[in-house]
Amino acid sequence: ASKVSAKGNMKKHRIVPPPGAEPLSYAVAIIIRELRLAKGWTPEKLGKASGLTRQCIEQTEKHQTAPKLNTTARIVRAFKKQMSRVIRYAESRLKR
């Protein structure tokens, strides 16, 4: 699990997907959860901010279903982040 400092900064760690998981999709799911926790949001709050259900947020974070691109984009926009930056960050976390 990630550790968040008192200032809310993430301490990077390498993301290692479980066998059979699509690596980039899994890494993005982990980062979405980290972003939500860093903001102190519940899955319900992120759902409201993104126009999605709590169940959709939880399934995405747990990588139970591979979310469609527009679902991921809605979540990322709720954090006021750019999709391209989240993907690059996910890729960098996989390569460490």
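Let's start with the fold: the protein's secondary structure comes to 5 helices and 0 strands, where helices (H or I, at least four residues) and strands (E, at least two) are DSSP runs, numbered from the N terminus. Reading along the sequence gives the pattern α-α-α-α-α. This is a predicted model, so local features need pLDDT of at least 70 and side-chain atom pairs count only at pLDDT 80 or more, while totals for chains, interfaces and linings use all residues. Residues are numbered from 1 along each chain as its sequence is written, and side-chain values use heavy atoms, with hydrogens and water left out.

How confident is the predictor? Its per-residue confidence is called pLDDT and goes from 0 to 100. The protein averages 88, and 88% of the residues score at least 70. Confidence is highest in helix H2 (residues 43–50), at a mean of 98, and lowest in helix H5 (residues 83–95), at 95. Watch out for residues 1–9, though: pLDDT stays under 50 there, and the model has 11 contacts (heavy atoms within 4.5 Å) beyond four places in sequence for this stretch.

Now for the inside. Of the 96 residues in the protein, 32% are buried, and buried means under 20% relative accessible area, exposed over 50%, and partly exposed in between (1.4 Å probe, protein chains only). In soluble globular proteins, nonpolar side chains tend to be buried together.

Take a closer look at Phe 79. Leaving aside neighbours within four places in sequence, Phe 79 is in contact with Ile 32, Leu 35, Arg 36, Lys 39, Trp 41 and Leu 46.

Helix H4 (residues 69–78) has Thr 71, Thr 72, Ala 73, Ile 75, Val 76 and Ala 78 as its buried residues. Their cover includes helix H1 (23–39), H2, helix H3 (54–61) and H5. After H4 you'll meet Lys 80, whose phi is positive, near 60°.

Finally, hop over to Gln 55, which lies in helix H3. Why is Gln 55 counted as partly exposed? Because its relative accessibility is 43%. Gln 55 and Glu 44 are 11 residues apart in sequence and, C-alpha to C-alpha, 8.5 Å apart in space.

Definitions and conventions:
pLDDT is the predictor's confidence in each residue, from 0 to 100.
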